[in-house]
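Please keep the sequence and the structure in view while reading.

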Amino acid sequence: MVLLLAGSAIQLVPDGTLLFHLVLVVFMVGLLNATLLRPINRVLEIRDQRTKGRVAEARKVLASTDQKIREYERRLREARASGYVTLDEVRAAAAQERDRRVSEVKEDLSRWRDAERQKVKEDEGAARVGLMSDARARASEISDRIIGREVAPSATNL
């Protein structure tokens, strides 16, 4: 039918068929857009939203994970610091206890040494008295043997 209207000759001047063709092209574009392109574009948009939604969700999960890791590391540092402080306190308390015990032992040793010195002085005095009386007795005995008779005790006083 279009060929009948155009005839057999080629026309370079626009006529009514040009307008018909333009209307036909616009109609076909509208029909294709309504039946094919809009549903395809809708499906592609839904896929894109799902993909972007999953990517956004994955980014949120990664951000949450990073935040939790940072919080974990912060708490771990705090726990270590607290442990070191506690360890230092325990060491300081142990050092104080050791120093206190060493002081007590030194005091005990000092008291024992002083008591032993006192005992030695007492024993020395008793030994001196005993030795003096022993020396007098031996001197009297030696004098008796040398002289051949008994010597009076007052003469042997040293």
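How far apart are the closest N and O atoms of the salt bridge that Arg98 forms with Asp99? The closest N and O atoms of Arg98 and Asp99 are 3.7 Å apart, where a salt bridge is a side-chain nitrogen of Lys or Arg within 4 Å of a carboxyl oxygen of Asp or Glu.

## Basis of the values

The model is predicted, and local features need pLDDT of at least 70, side-chain atom pairs count only at pLDDT 80 or more, and totals for chains, interfaces and linings use all residues. Residues are numbered from 1 along each chain as its sequence is written, and side-chain values use heavy atoms, with hydrogens and water left out.

## Fold and helix α2

The chain holds two helices and zero strands; both kinds of element are DSSP runs numbered from the N terminus, with helices being H or I over at least four residues and strands being E over at least two. Helix α2 covers residues 16-147, and at 1.5 Å a residue its 132 residues should span 196 Å, which agrees with the 185 Å between its end C-alpha atoms. The expected span here is 1.5 Å times one less than the number of residues in the helix.

A kink of about 45° in α2 is centred on Asn33, the bend at a residue being the angle between axes fitted to the seven residues ending there and the seven starting there. After α2 comes Gly148, which has a positive phi, near 90°.

## Surface

Of the 158 residues in the chain, 2% count as buried, a class that means under 20% relative accessible area, with exposed being over 50% and partly exposed in between (1.4 Å probe, protein chains only). The accessible surface of the chain is about 14,500 Å², and carbon and sulfur atoms hold 62% of that area; such areas come from the Shrake-Rupley method with a 1.4 Å probe, and for residues only the protein chains shown count as cover.

Phe20, Leu24, Phe27, Met28 and Leu31 together form a nonpolar surface patch with about 470 Å² of accessible area. Patches of this kind join nonpolar side chains (Val, Leu, Ile, Met, Phe, Trp, Tyr) within 5 Å, from residues with over 30% relative accessible area and no salt bridge.

## Salt bridges

The whole structure contains 15 salt bridges.

Glu116 is partly exposed at 28% relative accessible area, as is Lys119 at 46%. Glu141 forms a salt bridge with Arg145, again with the closest N and O atoms 3.7 Å apart, and both residues lie in helix α2, four residues apart. A network of salt bridges links Glu71, Arg74, Arg75 and Glu78.

Note on methods
Patch = residues over 30% accessible without salt bridge, like charges linked within 9 Å, V, L, I, M, F, W, Y side chains within 5 Å.
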